[in-house]
Amino acid sequence: MKLVIENLNKTYANGVQALQNVSLEIPTGMFGLLGPNGAGKSTLMRTVATLQDADSGSIKLGALNVQSEKQELRKVLGYLPQQFGLYPKMTAEVLLNHFAVLKGITAKKQRKELVAFVLQKTNLYEVRNQHLGGFSGGMKQRFGIAQAILNNPKLLIVDEPTAGLDPKERNRFYNLLSEIAENTIVVLSTHIVDDVKELCTQMAIINAGNVVLQGNPIQLIEDL
Ligand code: ADP
Ligand code: ADP
């Protein structure tokens, strides 16, 4: 399975050309989308996540046309936005249960098992009854992944997920992502070159709405 983006264009109402003929081929594994603030990363990710429309171009996940089959895409998509709002007074388990309901998992027993599974996977099972407001930054981000993988997605999009995490939490978070990337397309947006170099099997550099380079991180970054 591949995510194939072809000639994607987006100009905002204020005239900013956020994406200019962006074409990318993204295989299973961890893909790094590297670029400075304002490069167009979030625009690209939100477009792939069906949260906004491009002006032209195509996005395909396998045989699925992302723009014309949004509902289908959402069933196989996990998304952790840059600003992920939590309900501080809820416990991890209760909120995950709500997310699972929203994702259409109506059978109570199945939901309970699924929630327990993602809590274990993200190393949050022990703290499942704690309030999210008391979670550390790292715990919050792992919770963000827990909700994103409830539907066992084929494509997981994470936008600048490690901002504000200390090195230990960051490593823990990245270990989790790497594990998921063994059988999932994971697109990681970041402005940290070293993270991409260490983690990603493929990468692209985007700047001012243009893909300037794409390929293998070790080769590309050495050439920079
Ligand atoms: P990045 O995620 O790489 O920081 P963005 O996709 O957020 O980049 O932004 C790309 C460009 O588009 C920036 O110049 C940004 O200011 C602009 N932009 C983003 N969202 C909007 C919007 N809703 N309306 C107008 N301009 C926007
Ligand atoms: P990011 O850090 O992901 O690039 P931003 O801080 O640029 O995000 O944008 C945060 C929100 O503000 C997004 O919803 C984006 O679409 C919107 N936004 C960004 N730039 C502009 C802009 N120039 N005009 C209007 N909305 C914008």
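Modeller: Start with Tyr12. One of its polar side-chain atoms lies 3.4 Å from a nitrogen atom of ligand 1. That is a polar contact, meaning a pair of N or O atoms within 3.5 Å. Within protein, such a pair also needs one atom able to donate a hydrogen and one able to accept it, and residues adjacent in sequence count only if both atoms are side-chain atoms.

Before going on, note that this is a predicted model: local features need pLDDT of at least 70, side-chain atom pairs need pLDDT 80 or more, and totals for chains, interfaces and linings use all residues. Residues are numbered from 1 along each chain as its sequence is written, chains are lettered from A and ligands numbered from 1 in the order written, and side-chain values use heavy atoms, without hydrogens and water.

Back to ligand 1. Lys41 reaches it through the backbone: an N or O atom there lies 2.9 Å from an oxygen atom of the ligand. Thr43 uses its side chain, with an N or O atom 2.5 Å from an oxygen atom of ligand 1. Accessible areas come from the Shrake-Rupley method with a 1.4 Å probe.

Now the shell. There are 13 residues around ligand 1. A residue counts as near if one of its heavy atoms lies within 4 Å. Gly38, Gly40, Lys41, Ser42 and Thr43 come nearest. Helix α1, residues 41-48, gives the most to this shell, with four residues. A helix here is a DSSP run of H or I with at least four residues, numbered from the N terminus. By class, the shell has five nonpolar, six polar and two charged residues. Nonpolar means Ala, Val, Leu, Ile, Met, Phe, Trp, Tyr, Cys and Pro; charged means Asp, Glu, Lys and Arg; the others, Gly among them, are polar.

Around ligand 2 stand Asn14, Ser42, Arg46 and Gln82. A polar side-chain atom of Ser42 lies 2.5 Å from an oxygen atom of ligand 2. For Gln82, a side-chain N or O atom is 2.5 Å from a ligand oxygen. For Arg46, the side-chain distance to an oxygen atom of ligand 2 is 3.1 Å. Taken alone, ligand 2 exposes 550 Å², and the protein buries 32% of that. Its shell has three polar residues, one charged residue and no nonpolar ones.

Terms used
Helices (H or I, at least four residues) and strands (E, at least two) are DSSP runs, numbered from the N terminus.
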